[in-house]
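Dear colleague,

I am passing on the structure below for you to look at alongside my notes. Please read the notes with the coordinates open.

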Amino acid sequence: MLPRIIAEIAQNQGWISFARYMELALHAPGGYYAAANNKFGAEGDFVTAPELGRLFGRTLARQLRALLDEDKTRSILEVGAGSGALAQTLLEELNGEYSILETSADLRARQRARLGDRVSWLDSLPQRFRGVVVANEVLDAMPVHAVAWRAQGIMERGVAADGERLLWKDRPASGALLEEARKISPPVPYESEIGLAGQAWLRSLAERLEQGVILVIDYGFPRHEYYHPQRSAGTLMCHHRHQAHGDVFARPGHEDLTAHVDFSALAEAARDAGLDVLGYATQAQFLVNSGITDVLGEANVENALHYAPLAAEANTLLSPAEMGELFKVLAVGRGVKKPLLGFTHNDRSHTL
Ligand SMILES: C[S@@+](CC[C@H](N)C(=O)[O-])C[C@H]1O[C@@H](n2cnc3c(N)ncnc32)[C@H](O)[C@@H]1O
């Protein structure tokens, strides 16, 4: 992947945006998600909630069942389904149509091998959709623009090359990026990310949603926390064999590269497209409201061999020191009348 990135930088007068770099490193042929490597689980680079076990999926299914029953829609669209673990659990728990939109051909083949013909795969967003859309840990993999607020003004941080070495290079920010960056006024000097691609993605999905809900689950913050003065180096992070590091040019194409999600920006994009914001909560609050303790209660507590891993899984999903607080759930939708189960009790300390 490095030679391709260097060639593209050369073709573009020595500079590409960070968003383009991230797109190449993750999603272009030979990029991290496109390549046939083992990304998920204990053997891979990171563990997502559905990869821990079935508890996350079984609990999420309770929220989805409530939505599907209410509106008689029986369609689920999962975006970015990874190894297919979440789809497998949801298909065990729920009836109805299940489709997946997956950009990686390698992961799509793995999903097909695991899930068979109960699922249909889409090549692009559907023209119109009714039902529930689920995107777990997908938005953090969408390209972000890198921005620096400096004494001399707002700069876009892009990527240049010195021989085989990639390096940061600033340019004055312009266009939509400058417009977005002006809405944020952190103390200078300050570096962070703006997820224009994620916002555009949500806007276009929202426009196609005739009726139903989009659930975005990911690590991130509302805007006032995302651009907090203390987070002055941004949120970019690489994941390689369960180690996280911040050297984003270290191994393009060979490791995961992510940014946290600005949930306020996503909520705004959804509102722009005419959707309602139906709920925002930490993953812990959402799972507790959706009945994770009932799911745990169905297990045989006497059988320690069975119960101990389940309790450990619940701890990882719920603990503030693990995924419970950092991960958030945002629900936006159209034509949904009843309040959503996952947001019934909220301590209100997490607002957009
Ligand atoms: C970090 S993985 C999460 C996988 C899975 N949802 C899970 O929780 O284990 C990100 C997934 O999103 C996919 N992806 C990234 N950008 C996408 C996009 N714009 N549309 C569809 N899938 C995307 C990747 O190929 C991968 O399957």
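**Strand β6 and its neighbours**

Strand β6 and strand β7 (residues 153–162) run antiparallel and are joined by 5 bridges, where two strands are taken to pair if DSSP finds at least two bridges between them. Helices (H or I, at least four residues) and strands (E, at least two) are DSSP runs numbered from the N terminus. Please bear in mind that this is a predicted model, in which local features need pLDDT of at least 70 and side-chain atom pairs count only at pLDDT 80 or more, while totals for chains, interfaces and linings use all residues. Residues are numbered from 1 along each chain as its sequence is written, and side-chain values use heavy atoms, with hydrogens and water left out.

Of the 6 residues of β6, 5 are buried, buried meaning under 20% relative accessible area, exposed over 50% and partly exposed in between (1.4 Å probe, protein chains only). His145, which lies in β6, counts as buried because its relative accessibility is 18%. Leaving aside residues up to four places away in sequence, His145 touches several residues, among them Ser17, Glu156, Leu177 and Glu193, a contact being heavy atoms within 4.5 Å.

**Helices α1 and α2**

The axes of α1 (residues 2–11) and α2 (residues 18–27) come within 10 Å and cross at roughly 150°; axes are lines fitted to C-alpha atoms, for helices over the stretch in contact, and angles run from 0 to 180 degrees between N-to-C directions. The two helices are therefore roughly antiparallel to each other, the term covering angles over 145 degrees, with under 35 counted as roughly parallel, 65 to 115 as roughly perpendicular and the rest as oblique. In their contact, Arg4, Ile5 and Glu8 of α1 meet Arg20, Tyr21 and Leu24 of α2.

**Backbone points to check**

Val188 and Pro189 are joined by a cis peptide bond with omega of about -5°, and Pro189 is found in the loop between α7 (175–182) and β9. Gln13, in the loop between α1 and β1 (16–17), has a positive phi near 55° although it is a residue other than glycine, and Gln13 counts as exposed at 70% relative accessibility.

With best wishes
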